[in-house]
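Welcome! Please take a look at the sequence and the model below, and then read on for a short tour by topic.

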Amino acid sequence: MNKIEKIFYEELSKYKTSETERECVIEDFEYEEECFIKEEGSKASGKKIRDFVKEFLKEHVHELKEDEDTHERVSVKQAKKIDCILDVLRNERMHLSVKDMSELLSRHNLSKGASYQNLYKWIPKELQEYSYIEQDSEGKYFYNRPSAEQNRINQVIENRELVEAEKKEQITIISSFLDSIKDSPVYEKAKEFFSKEEKKLRSFMYKNTNSANYSRILFMGAPEANIKKETWGKIYNAMATNSVMQIEYTPVGKTKSESYKIAPYQLIFDNGLWDLWAYSYKNKEMRLFNLSRITSAHILAMAGNFILPKGYSFMNSVTGNFGCYNDKNPQVYKIKFDKKSYAWTYSKDRIWGKNQTVEETDDGYILSFEASQYLPILRWVLGWGEEVTPLDPPKLVEDWKQRIEKMKDRAT
């Protein structure tokens, strides 16, 4: 037994494992040991080896042994003796009596407490925990390799069943989520993939599956806007090939559509609505185009392809977490919430923007953050009614007051 193996078995003895799990861990470690030796060499320091072994065991074995005064288990010294005996039985194919084991431990400098009388008190009971250790007609213990292999196979099958069952649950949950974005190419492609995966799993018999009915998990979004299938298809194909497009688009506040030559970068699903993040050659800037307001779209074959720049993601251009609106004017917002209000209960644990802070006052809390999403924030503040008061920036305060006055006039 080399230095690495000695440390490994010493650390392994501190964990609570079944005999099958122990076999699997030992087998996995053999590969990791080879990799470690290749990287560090055979003369690595004891500390480095022990750190490596501890990290390996943390990932592969999850439960430490309980304290002896709360749960009766073998001591670390006894575990070393068992490891030594198992190592000889497994690798040297020997048949050992308890007396033979006592002599074996003496040869390996583990003689303390290893007399025949002491071993006989506990070693037979401990060896019963290992189903692949059996006794021959003379009462000697030996390693039954076929039994060990069967145990390992059973463990692999059990692990596979758990993994497959977990995968099935994940697919069911994600499929339920996809229903909230149906009628889009994203939905169709994903559904096609998950349907294939589910068919593979149907042929597998499950044990230990969770009895939860995942069809009872529902993802709710805002009402969906009507988007033409042809529009979906053209945009999706253009994005796949980085092709320049021509779209007819009706901007907010206008009744007639306008032509835009664009380079489509990214589709964004925000609160029930789909937007296209694209470069507009007409405006010479990045813009959001709502898909429900695109009346026609086609690829400009003669315009060639565009190069997708690094950092093209919409998230790199917006400050704040109020959807995909971006006014490109980051500023600090200060909003006061009434104490014990639902508005504060809902908002306090969420991140709304950069550099977010909370200040407690006698009658409430002041939430401060940086964002570049003025209109969504104004609507958000108005939506909380009397529970919220904007403090900064001044424009937000003024617009909030004006809208409240208009609502007051309508109510009288």
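## A first look

In strand β6, Asn 290 is the bridge partner of Asp 275. This is a predicted model, in which local features need pLDDT of at least 70 and side-chain atom pairs count only at pLDDT 80 or more, while totals for chains, interfaces and linings use all residues. Residues are numbered from 1 along each chain as its sequence is written, and side-chain values use heavy atoms, with hydrogens and water left out.

**The sheet**

- Strands β5 (residues 273-280) and β6 run antiparallel and are joined by 6 bridges; two strands pair if DSSP finds at least two bridges between them.
- Both belong to an open sheet of 5 strands with antiparallel pairing, in the order β6-β5-β4-β3-β7.
- β6 (285-290) and β7 (294-299) are at the edges with a single partner strand each, so one side of each has no neighbour in the sheet.
- From one strand to the next, the twist averages 45°, with axes fitted to C-alpha atoms and angles running from 0 to 180 degrees between N-to-C directions.
- Helices (H or I, at least four residues) and strands (E, at least two) are DSSP runs, numbered from the N terminus.

**Aromatic rings**

- There are 27 aromatic pairs, counted when rings of Phe, Tyr and Trp (its six-membered ring) have centres within 6.5 Å; planes under 30 degrees apart are stacked, over 60 edge-to-face and the rest tilted.
- One of them is the tilted pair of Tyr 346 and Trp 352, at 6.3 Å centre to centre with 40° between the planes.
- Tyr 346 is partly exposed at 30% relative accessible area, whereas Trp 352 is buried at 7% (buried is under 20%, exposed over 50%, partly exposed in between, with a 1.4 Å probe and protein chains only).
- Ring pairs link these two residues into a cluster that also includes Phe 322, Trp 344 and Trp 384.

**Charges over rings**

- Arg 350 lies over the face of Tyr 346, 3.9 Å from the ring centre; the rule asks for NZ of Lys or CZ of Arg within 6 Å of the centre and within 35 degrees of the ring normal.
- Lys 282 lies over the face of Tyr 260, at 4.6 Å from the ring centre.

**Helix α11**

- In α11 (residues 374-383), the buried residues are Tyr 374, Pro 376, Ile 377, Leu 378, Trp 380 and Val 381.
- These buried residues pack against elements including β8 (331-338) and α12 (394-411), where contact means heavy atoms within 4.5 Å.
- After α11 comes Gly 385, with a positive phi near 60°.
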